[in-house]
2 protein chains.
Amino acid sequence: MISSNPFDSALARKLKAFLPLSPDELKWLAEIQVTPRVVERGKQLTHEGQNGHRVFVLQAGWTYGYKDLPNGGRQIVSFPIAGDCIGLRSALLRTADHSFSALTDAVVSSVEAEDILKCVTQFPRLGTAILWAASREEALVVEHLVNVRRRNAIERTAHFFMALAERLSLVGLATEAEFKCPLTQSVLADALGLSATHVKRVLQQLQEQNLLTLRKGRAHIHDLAGLRKLAGFQGGYLNQRD
Amino acid sequence: MISSNPFDSALARKLKAFLPLSPDELKWLAEIQVTPRVVERGKQLTHEGQNGHRVFVLQAGWTYGYKDLPNGGRQIVSFPIAGDCIGLRSALLRTADHSFSALTDAVVSSVEAEDILKCVTQFPRLGTAILWAASREEALVVEHLVNVRRRNAIERTAHFFMALAERLSLVGLATEAEFKCPLTQSVLADALGLSATHVKRVLQQLQEQNLLTLRKGRAHIHDLAGLRKLAGFQGGYLNQRD
DNA sequence: CGACGCTTTGACACAACTCAACAACCGTGG
DNA sequence: CCACGGTTGTTGAGTTGTGTCAAAGCGTCG
């Protein structure tokens, strides 16, 4: 949050959770993240099929990655938050496999895909850290896949919030008790693979069981242990220092 | 299939679909893939939580990546086939986020995670190709996520077989009309997020509608266009040469 | 030849969806 | 400051896709 040091971007903070970075590496990292710009809520950052050679590093705000379907539905795949990279995979794949939009007004810096690759060769340690971040994002997708297919509505929702809380707290955006959370019921529905009305019913149950409340853009965790138990949540794959 | 040239591994063949490789690069690629060994059907290659520093390159046979759940269920995430890397992500993440087992007897070479990273720095082109392969695998997981959550049982099954056929044909293991496919109904169930009995019903429908038959370990495609239409399948994210 | 793994079939149950209508909230402009 | 329109949330009734359970058939391999 406090970022008096210009080299201390959200991304730098996250990577440092993986391995310590040298001043040189931090300097390079800062240099490739050019002029941040604001993306308005609802605006699309990248779209599926585009062959993007730019990677966005999210500095603030919430975004979501998703795929639209011919039948009008959509599946939200991920919610990149501050410190996350958007389109890192697309930059390598040449053509993006899904789209990203801003959920709230957001601040992003963009990075040339070139620079990322150069970084891997010229600053191997930093490169490794970036690859780690990318792997972590994939692990999240796998976890999400398992979650939406193998847990029932209430467990699934609980698990989703546990994983989200853990990611947010890693970048200082959540406490054990609550965090800002601008997700509407219908956005949650698209992410969790439920109908909006059913999300409502589930949130009601979570509240009645004194586990979690979602109100006015904030999530309040009343019983962390209870939620973890309900969700069968194993943290740890998100945050690992060697 | 025919591999008289010792440098022409399944992996090399796949990477060449991304960009041409020099003799030096092919040589190095062959060198790091040490003595292939056989993994018996049913045996586990890696397990979740293990901190693996080895990557397996599959030369022949079928494997599957999955996560077990506390309640006894499991979700199959991917089916690595010849030319695919197993545990590439785990090698970076330090601890594996899911497990891999052999579906049939399989032949794997193993590679030091070290060597992969070295390769990225010393043979940038080859490194890029490997990163491409890794991204492609992630795109597959995203597609699978969308598939299991946003399509109904029959569309989902059709889509699964379309994607599988495309991958197999890329490494010469499928024609437009048929391919070897050692998936049992209960394995399919674990992958598609259906019960085994429902998989049965769906396969029956596909057969009745003269679209696809799965019999005796082979899949027969009767109506490719019909299947693609039913599935809403957009190929292309699997195979792209620049 | 028996046993085990896989497939096939049927009856029944339920989690989650759809549809529909209404209520609360929120930013915007008059 | 209030009126308004759009978005988001709330509630209920009825429907359905898919799961569960149970039992029998069929290969094939030792």
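Reply: The largest nonpolar core holds 135 residues, and those with the most contacts inside it are A:Val55 and B:Val55. A nonpolar core here is a set of buried Ala, Val, Leu, Ile, Met, Phe, Trp, Tyr and Cys residues joined through C-beta atoms within 7 Å. A residue is called buried if 20 or more other C-beta atoms, placed from the backbone, lie within 10 Å of its own, exposed if 12 or fewer do, and partly exposed in between. This is a predicted model, in which local features need pLDDT of at least 70 and side-chain atom pairs count only at pLDDT 80 or more, while totals for chains, interfaces and linings use all residues. Residues are numbered from 1 along each chain as its sequence is written, and chains are lettered from A, with ligands numbered from 1, in the order in which they are written.

Helix α5 of chain B, residues 124-150, gives the most to this core, with twelve residues; helices (H or I, at least four residues) and strands (E, at least two) are DSSP runs numbered from the N terminus. Once neighbours within four places in sequence are left aside, B:Val55 is in contact with B:Cys85, B:Ile86, B:Gly87, B:Leu88, B:Ala91, B:Ser110, B:Val111, B:Ala113 and B:Ile116, a contact being two residues whose C-beta atoms, placed from the backbone, lie within 7 Å. In soluble globular proteins, nonpolar side chains tend to be buried together.

Turning to the chain as a whole, chain A has nine helices and eleven strands, and buried residues make up 43% of its 242 residues. Its radius of gyration, taken over C-alpha atoms, is 18 Å, which agrees with the value near 18 Å for a compact globule of 242 residues, the rule being 2.2 Å times the number of residues to the power 0.38. Among contacts in chain A between residues at least 6 apart in sequence, 72% join residues at least 24 apart.

The contact between the two chains takes 37 residues from chain A and 37 residues from chain B. On the side of chain A that touches chain B, β5 (74-78), α3 (88-93), α4 (113-122) and α5 (124-150) each supply at least two residues, and the largest share, 16 residues, comes from α5(A). By class, that side divides into 17 nonpolar, eleven polar and nine charged residues, where Ala, Val, Leu, Ile, Met, Phe, Trp, Tyr, Cys and Pro count as nonpolar, Asp, Glu, Lys and Arg as charged, and the others, Gly among them, as polar.

Of the 13 residues around DNA strand C, A:Asn152, A:Ala153, A:His198, B:Thr184 and B:Gln185 come nearest, where a residue counts as near a strand if its C-beta atom, placed from the backbone, lies within 6 Å of it. The largest share of that surface, three residues, comes from α8(B), whereas α8(A) gives the most to the surface near DNA strand D, with three residues.
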